[in-house]
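I opened this notebook to keep track of what I looked up, one entry at a time. The entries go from a helix to charged pairs, then to a sheet and to backbone angles.

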Amino acid sequence: MNHNTPLSPRPLHHLADGGRRVLTTAQLRAHGVSAAETSEQCRPGGPWQQLLPGVVLLHPGPPTSEERLHAVLMYTARERTAGVPVQPGADEPPAPSYGEAMITGLAALTLHGFSSAPPLPSLDAFDVLVPRLRRLRSTGCARIVRTPDLPVPVRVAVPQALDSVRAGGSPVPVAPVPRALADAVAGLKDADTVRRLLTEAVRGGHCEPTAVVRELTRARLLNRPHVVDAVDSLLAEGRAMAESRLYRMVREHGLPEPVWNVDLRLPGGPHLGGLDAYWPEHAVALELDTRAPRPGGRPDDDAQGSEYSRKREHLERLGITVVRLGPRGLRDAMEQQAAVVRTALMASADRDPAAYVVVLPR
């Protein structure tokens, strides 16, 4: 046999008995299965079935959730899956390339491990994110979501049996949690469901509130009252978690105990601002920077940033060092954040004494 000799098609039962039971018609052609043979196998009552346009399920029963996930991705990228003919001895077609497509919405949240997201078998369709200019239509279990700006997907291993907890299936590209949340919320009208999903995103450590609010703002969802209410709960949840991490940082990293949640005032003078922690002996103040775009439209970062800057400049003119920590730093790099605070406390011995201020509970 030379390199120009056509490959003999393998028996069709070989495909159905393989590890992957969802193939595109292009992959079937690469296996030597003609369009006519595919149509014959997919006849009513036949051993195969067409699950989506150009995507074939190689067994007669209902598809599993894993098969549906791979099918919607194959459908969106089917013109990219026309591979070279299968080489002799190859047991399966090459692993499909899904291009830029990725699972998003509720299905993505379930794959990310959200307990408040519905199980995959209960979803009639899976949202799949594609570039805005792709000429695709929603059909069957594939619901197309277009975007001009695709995020970087996360590869998530699909459980082999999605009706159980057994894991180990082949991975699929999934939108990051903030984007998946925004796409899920876009199709939800129940306030309690939206609130549960947003709260779990923060409480479960999947992402920071600012990332979620940024995606909701970009999707123009903050004009919906039930979303605004859920965002308020989200920001409160994120603030509480940041405060909890701050308390733990002081305790676990041996920092001196500050006075917590105080207001500073000049004696008989104006209010200087609220602080999350203050070390009077060192004149070191600490603020948690939990700014986020506010519900109602355009993010208000500039106004909030100006307020933070004015407070900091005023305190530093009085000889008070201001340390600002963010929730992400406390979550991902607590030891480094503790070192920043410790350095500021130690440096106080080399500074001129600060002005006297009145410390009041907030």
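This is a predicted model: local features need pLDDT of at least 70, side-chain atom pairs count only at pLDDT 80 or more; totals for chains, interfaces and linings use all residues.

**Entry 1, a helix.** I found Ser 65, Glu 66, Glu 67, Arg 68, Leu 69, His 70, Ala 71, Val 72, Leu 73, Met 74, Tyr 75 and Thr 76 in H4 to be buried. That makes 12 of the 12 residues of H4 buried, so I noted the helix as largely enclosed by the rest of the structure. I also looked up the span of H4, which covers residues 65–76: from first C-alpha to last it reaches 17 Å, close to the 16 Å expected at 1.5 Å a residue.

How many salt bridges does a search of the whole structure find? The search gave me 15. As background I wrote down that side chains of opposite charge can pair when their charged atoms come close.

I took the pair of Asp 183 and Arg 179 to start with, and its closest N and O atoms are 3.0 Å apart. Both residues belong to helix H6 (residues 177–185), where they are four residues apart, about one turn of the helix. When I checked accessibility, Asp 183 and Arg 179 both turned out to be buried.

Next I looked at Arg 331, whose side chain meets that of Glu 208 in a salt bridge with an N to O distance of 3.4 Å. Arg 331 lies in helix H11 (residues 327–332), while Glu 208 sits in the loop between helix H7 (191–203) and helix H8 (209–218), so this pair ties together parts that are 123 residues apart in sequence. Are these two residues buried or exposed? Arg 331 is partly exposed, its relative accessible area being 29%, whereas Glu 208, at 7% relative accessibility, counts as buried. I also recorded a salt bridge between the side chains of Arg 331 and Asp 332, at 2.9 Å from N to O.

**Entry 3, a sheet.** I then followed three strands that form an open sheet, in the order E1-E3-E2 and with antiparallel pairing. Strand E1 (22–24) and strand E2 (49–52) are its edge strands, each of them pairing on one side only. On average, neighbouring strands of this sheet are turned by 40 degrees against each other, direction ignored. Looking at one pairing in detail, I found that E2 and strand E3 (residues 55–57) pair in the antiparallel sense over three bridges, and that Leu 52 stands opposite Val 55 in E3.

Arg 220 is not a glycine, yet its phi is positive, at about 60 degrees. I located Arg 220 in the loop between H8 and helix H9 (225–252), and it is exposed, with a relative accessible area of 72%. Asn 261 also has a positive phi, near 50 degrees, in a residue other than glycine. Asn 261 is found in strand E9 (residues 259–265), and at 23% relative accessibility I put it down as partly exposed.

Key: Residues are numbered from 1 along each chain as its sequence is written. Side-chain values use heavy atoms; hydrogens and water are left out. Helices (H or I, at least four residues) and strands (E, at least two) are DSSP runs, numbered from the N terminus. The expected span of a helix is 1.5 Å times one less than its number of residues. Buried means under 20% relative accessible area, exposed over 50%, partly exposed in between (1.4 Å probe, protein chains only). A salt bridge is a side-chain nitrogen of Lys or Arg within 4 Å of a carboxyl oxygen of Asp or Glu. Two strands pair if DSSP finds at least two bridges between them. Axes are lines fitted to C-alpha atoms, for helices over the stretch in contact, and angles run from 0 to 180 degrees between N-to-C directions.
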